[in-house]
Amino acid sequence: MSDSRNHPFLQKPFSVIGHRGAAGHAPENSLEAFEIAFTCGVDAIEFDVKYVHGELIVFHDDTVERLTTSNGSIDSFSREELSELRLRNGEQIPTLEQVWDIVPPSIGINIELKGANTGRPVAEFVRTHSHRYLISSFLVGELSQFKAIAKNVPTALLTRVHDMNVLGTAASLGVENIHVMDAVADPSYLLAMFNAGFTVYVFTVNDVARAFQLRELDVAAIFTDIPADLNPETLVDA
């Protein structure tokens, strides 16, 4: 079993990661959401990165209507037009650089590669912007491209399915972590991941009782939308 206390990203026995900052408390992937997560005492934040018109932006969807006051494909906006879009709280869509600028040194950064052609530019970014990083994705090709450049940064394969083939894919990639969706994170699946040597984080957990259960199952960390309600210190010390 992987020992989370020696993990290069989070070294506590059990950690709490703010999902898209604090998506249950403020617009996801906004600077406001990240600041709220920091005040809640999270061990790390997670957010999505896309590469659009030569710039790394922090945004989840392929279209903008759910998260902004506009509509259309995000790729259809010019760089100038992207800067004019507003999230539901009035903020601009942040760049990776802008998020990096506000993260305290004590809080880890989990970047999810959220689209095509993200692996290489994110690898170049983390080589020139020092912090404690974990890079994750559902996209095998993007993880491979990232790892070809930034070999020493820990990585994670994401999965929403209960499929033992995930273990082989993760092994072939050489990732340290598997991040599994809570709906399929049953004890036997988790045990198979542990026995294969992977550190396991579970997303997205917004129930305190479930967080305690996953801690008892030796999951190393959870992602939550509501870090104000799933206080990391409470979950660790109880």
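This is a predicted model: local features need pLDDT of at least 70, side-chain atom pairs count only at pLDDT 80 or more; totals for chains, interfaces and linings use all residues.
Let me begin with the nonpolar core. The largest such core holds 56 residues, and within this set Ile45, Phe47, Ile111 and Val126 are the ones that touch the most other members. When we ask which element contributes the largest share of this core, the answer is helix α7, residues 187–195, with five residues.

Next, the aromatic rings. The count of aromatic pairs comes to three. One of them is formed by Phe34 and Phe47, in an edge-to-face arrangement with 5.5 Å from centre to centre and 65 degrees between the planes. Because Phe34 lies in helix α1 (residues 31–39) and Phe47 in strand β2, this pair ties together parts that are 13 residues apart in sequence. Both Phe34 and Phe47 are buried.

Rings also meet charges here. The charged end of Arg160 sits over the ring of Phe138, 4.0 Å from the ring centre, and in a second case the charged end of Arg132 sits over the ring of Phe9, at 5.9 Å from its centre.

Now to the salt bridges, of which a search of the whole structure finds 11. Asp48 forms one with Arg20, where the closest N and O atoms are 3.5 Å apart. This pair links distant parts of the chain, since Asp48 is in strand β2 and Arg20 is in the loop between β1 (15–19) and α1, 28 residues apart. Are the two partners buried or exposed? Asp48 is buried, at a relative accessible area of 0%, and Arg20 is buried as well, at 15%.

Another salt bridge joins the side chains of Arg66 and Glu28, at 2.9 Å from N to O. Here too distant parts of the chain are linked, with Arg66 in the loop between β3 and α2 (79–84), Glu28 in the loop between β1 and α1, and 38 residues separating them. Arg66 counts as partly exposed at 44% relative accessibility, whereas Glu28, at 12%, counts as buried.

The side chains of Glu112 and Lys114 also meet in a salt bridge, at 3.0 Å from N to O; Glu112 counts as buried at 6% relative accessibility, and Lys114 is buried with a relative accessible area of 18%. Through shared partners, salt bridges join Arg20, Glu28, Asp48, Asp61 and Arg66 into one network.

I will finish with His179, which has its place in strand β7, residues 177–181. His179 is buried, with a relative accessible area of 0%, and its side chain makes a polar contact of 3.1 Å with the side chain of Asn177. Not counting residues up to four places away in sequence, His179 touches Asn110, Leu134, Ser136, Ala156, Leu157, Leu158, Thr159, Tyr201, Phe203 and Phe223.

Terms used: Residues are numbered from 1 along each chain as its sequence is written. Side-chain values use heavy atoms; hydrogens and water are left out. Rings of Phe, Tyr and Trp (its six-membered ring) pair if their centres lie within 6.5 Å; planes under 30 degrees apart count as stacked, over 60 as edge-to-face and the rest as tilted. Helices (H or I, at least four residues) and strands (E, at least two) are DSSP runs, numbered from the N terminus. Buried means under 20% relative accessible area, exposed over 50%, partly exposed in between (1.4 Å probe, protein chains only). A charge sits over a ring if NZ of Lys or CZ of Arg is within 6 Å of the ring centre and within 35 degrees of the ring normal. A nonpolar core is a set of buried Ala, Val, Leu, Ile, Met, Phe, Trp, Tyr and Cys residues joined through side-chain atoms within 4.5 Å. A polar contact is a pair of N or O atoms within 3.5 Å; within protein, one must be able to donate a hydrogen and the other to accept it, and residues adjacent in sequence count only if both atoms are side-chain atoms. Contact means heavy atoms within 4.5 Å. A salt bridge is a side-chain nitrogen of Lys or Arg within 4 Å of a carboxyl oxygen of Asp or Glu.
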